[in-house]
Structure formats: structure tokens, C-alpha cells
Amino acid sequence: WMLPGFTLSKIVSKLKDAEGIVLAHHGLVVWDESSEKCLEKTHLAVAKADRFLDSLSVKPAAAFDHGDMPQSELNELLLQLRKKLGKKQILRTDRRLQQIASRKDCATVVAASASSADHMLRIRPKSALIDISAPAESIESYQNDYAQYFERNKANIQPGYSSHGNDPKVLLVPKVGAITTGNSLNESLMLADIAFHTHSVAARVIDSFGEADTIPESEIFGFDYWPMELFKLASKPAPAKFAGSIYVVTGAGSGIGRGIALELARLGASLTLADLDEKGLEEVASVFREKKFLEPLLIAGDQSKEDVVSKTLNETIAQFGGLDGVVINAGIGVSDNLEELSLEKFRTGLDINLTSAFLMTKGAMQILRKQGLGGSIVYIASKNAFAPGAGFGGYSVTKAGMLQLMRIAALEGGSV
């Protein structure tokens, strides 16, 4: 192995009759007259390597724990991890690495996985191994190990730069797979793709030959704190105001809710949009795509039903890894004078305007308290809560109730 640069170029200049080179612990480099021919050569070389590995007569059995973690347990774990990491970010679950994350020798696989520039630049030297019985301690262990790694190598860093921070980017969880972090699902998916390829390569090497190693730590640090990459990081635009933040907006299919959803998306938030009107949700989602906002999670259903609210919140955690706030906007108008207002109409208004607000408040407060990062609960009330008008008694009562609900939520949840 050697760092790509002038020294490697001098060596390669003497290999003009070769088809390419294999750079130890890194990968394959080929050359030809066109990119198409280079791609063809790459495929041929990879296929030849595959045939060789498949021909090995003895392959050590990779022992791993079978079974899946129930989604309810995974949601609780995601909240614990987000709390320990201590920042608003997306935690995306990727099942492709479930078998590797559940291996008895997963630590050995991880130690041998720093085999590409993308891995070292974007994931750091290693992924974090999470003990599901002690997730917070697992994060602390990774953070301490990274801090020590930085101290051992910091003499090699360029003047004016400091540590990236000690938090992991990829977390391997038995019975789950990989949990990757980022400001969006797209960013987290990119890390998952890299981790899947590098960890899969390391696992196959170990299963084929019994052991594997990687480049020296000092070389890994050289990639981790590569001057050109440090310059790019320092020069990149600041993230959007709500990048990494996760919000639920109810009544998002039209009107005020739709406007709020579009503004939050413009500011970089990851959103769950909930509404009874499925068509309205699809229309809003199409606007998101037109404006190149982050793809929202859509939940169609009656938010006055407890199971629908539970589904909305649980699927939000499963999709994005946590929750930072809710905008409680679902509601309907309830007109008629009191003497003419039917009990059925009155109760429908209470359910949609107030019961839904209570259920979402209750569920959101429970999640935000577990997560420990604070959060926001925004209520879309009405001037009718303060100055009711004749003929809108049923509506005014529900909005006045929402106002009191908001005050109680502030009293009971202000410490969250």
C-alpha cells in the first residue's frame, strides 16, 4: 500500500505493458483508451477474483446470531442512540448489514474494513459496534477510542485544523444491521452504501482466508484528515436551518398545514405529513419533488383515532430515527347556533379539533422526554378561542380547549 501520489505514479509509469494494478488494502486500478474498456477490464478482473474465492476448498464458517429485533424495540433503541449522540440528525436503519452486524467476529470485520478512500473520508476509521444491552456505553466507548486515535496522530494534521469530533457515522447493531447518521435520509443512505461494500469485502476476505488486515493507522489518519478534504469541509455551505430535524405536520394536505410543511421543507427539515385526505397528501408530495425538497413520509388517516396517531409517530421514528416536534393543525369548521347544533356534529368537532390534538400532544411528549433533546409542539388554534362569534360555538369551544391544552403541555413538558 502507498498513498496515491507522485511515488505511485513513478512506479506505474514502468508498468505500461500491464493491464492495471491492485493496490493492497485499497482496490483495483486499470487503464485503457476509453472508460468503457476500463469498465470491461474491471468486471473481468472482479469476476476472476470471484471465481478464485469460490474455488477455495475450506471456508471458515461465519457464526452469527439469528433473529430480528422487533420494530418497537428498535424504535426505543433509536431514541436512546439519538439522545446519547446529542444532536438533531437522521438515524437511518439499513438491514443489508444485519448478518455482518450479528457475527461473533464483527469487531474483526470492522477492524479490517477501512479499505477505500470513501470509507475513511466519510465513515471515519471504523464503524461503532453497539451492544443492545448498553447502547449509551457503546457510544462512549467509540468516542473515547476515537479521541485516543486523534491524540496518537494529531502531530500529522495541518496547522489550523482540529478534530472532526468523536461521534460515529455508522453504527452496527446485532439483529438490526447498520444505523447511519446524517442531515437527511439521502446522506445516511450514502454512508450505508459505503459501509455495506467495505464491510462485505472484509467479511468475505476473513471467511475465505481466516484473517484480514488493513492499512496502518497513520495512513488511515492521513485520509481522515486529508488537507484537500479538510479544505472542502471548511468551504462547504452551512447546512439549512432545520437540516437533521424531524417534524410531524398534521392536516398537511391543504391550507395552513400545507403551507407550513412546504416552509419547513424549504428550511431542510425531514417531515412526516399526516392528513385524512390521501389525495391532498400526494399533491403536496408532488410539490416537494418539484422543488427538490427532501422526500416526506405520508400518513393518511384520521388523527382523532389513537391507533392512527400511534402509527404516525412510530413510523416517523422508524423512518427518520427520532422526533423533534409536531405541528398540530388538523381541524374542521363547526358552524350552527347552539340551539341548532346537533350532538353528532359537536362531537365530531371535538374529536377532530381537540381529541386529535390531545393524542398527538401525549404521544409527542412521551417521545421527546425519552429522547432528551428538547423539542417543539406547535398548535394552530384560532382567534375564536379568545373572541368567539355567534354561529361558531362548536368550533370556538374546541379551539379554546386547544389553548388550554397548550398551556398544560407547557407546564408539564417545559422541562423536556
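User: Hello! Which ground rules apply to the model and its numbering?

Analyst: Happy to start there: side-chain values use heavy atoms, with hydrogens and water left out, and residues are numbered from 1 along each chain as its sequence is written. This is a predicted model, in which local features need pLDDT of at least 70 and side-chain atom pairs count only at pLDDT 80 or more, while totals for chains, interfaces and linings use all residues.

User: How many helices and strands does the chain have?

Analyst: Helices (H or I, at least four residues) and strands (E, at least two) are DSSP runs, numbered from the N terminus. The C-alpha trace spans about 95 × 45 × 45 Å along its principal axes. The secondary structure comes to 15 helices and 11 strands.

User: What percentage of the residues in the chain is buried?

Analyst: Buried means under 20% relative accessible area, exposed means over 50%, and partly exposed lies in between (1.4 Å probe, protein chains only). The chain has 416 residues, and the buried share of them is 43%.

User: Which helix gives the most to the lining of the largest pocket?

Analyst: A pocket is, on a 1 Å grid over the protein atoms alone, an open set of points with protein on both sides within 12 Å along at least five of seven lines; a cavity is a set where a 1.4 Å probe fits but cannot get out, and lining residues have an atom within 4 Å of a point. The largest pocket has a volume of about 1,100 Å³ (the space filled by probe spheres set on the points, which are joined across faces, edges and corners), and of its 38 lining residues Lys169, Asn183, Glu187, Leu233 and Lys236 are the closest to the centre. Helix H6 (117–123), strand E6 (177–182), helix H8 (185–209), helix H10 (227–235) and helix H11 (255–266) each supply at least two lining residues. The most, five residues, comes from H10.

User: And which helix gives the most to the lining of the second largest pocket?

Analyst: That pocket holds about 960 Å³ of space, and His26, Gly27, Ala49, Val201 and Val205 lie nearest its centre among 26 lining residues. Strand E1 (20–23), strand E2 (27–30), H2 and H8 each supply at least two of the lining residues. With eight residues, the most comes from H8.

User: How many charged residues are in the lining of the second largest pocket?

Analyst: Ala, Val, Leu, Ile, Met, Phe, Trp, Tyr, Cys and Pro count as nonpolar, Asp, Glu, Lys and Arg as charged, and the others, Gly among them, as polar. The lining of the largest pocket divides into 16 nonpolar, 11 polar and 11 charged residues. In the second largest pocket there are 15 nonpolar and eight polar residues, and the charged ones number three.

User: Which helix supplies the largest share of the lining of the largest cavity?

Analyst: A search of the whole structure finds one cavity of 30 Å³ or more, and about 40 Å³ of space lies in the largest cavity. Its lining consists of Thr250, Gln303, Val309, Ile328, Ala330, Ser356, Ala357 and Met360, divided into five nonpolar, three polar and no charged. The largest share, three residues, comes from helix H14 (residues 343–371).

User: How many residues apart are aspartate 324 and arginine 82?

Analyst: Their side chains meet in a salt bridge at 2.8 Å, N to O (a side-chain nitrogen of Lys or Arg within 4 Å of a carboxyl oxygen of Asp or Glu). The pair links distant parts of the chain, with aspartate 324 in the loop between helix H13 (306–320) and strand E10 (325–328) and arginine 82 in helix H3 (residues 71–85); the separation is 242 residues.

User: Is arginine 124 buried or partly exposed?

Analyst: Arginine 124 has a positive phi of about 80° although it is not a glycine, and lies in the loop between H6 and strand E4 (128–129). Its relative accessibility is 8%, so arginine 124 counts as buried.
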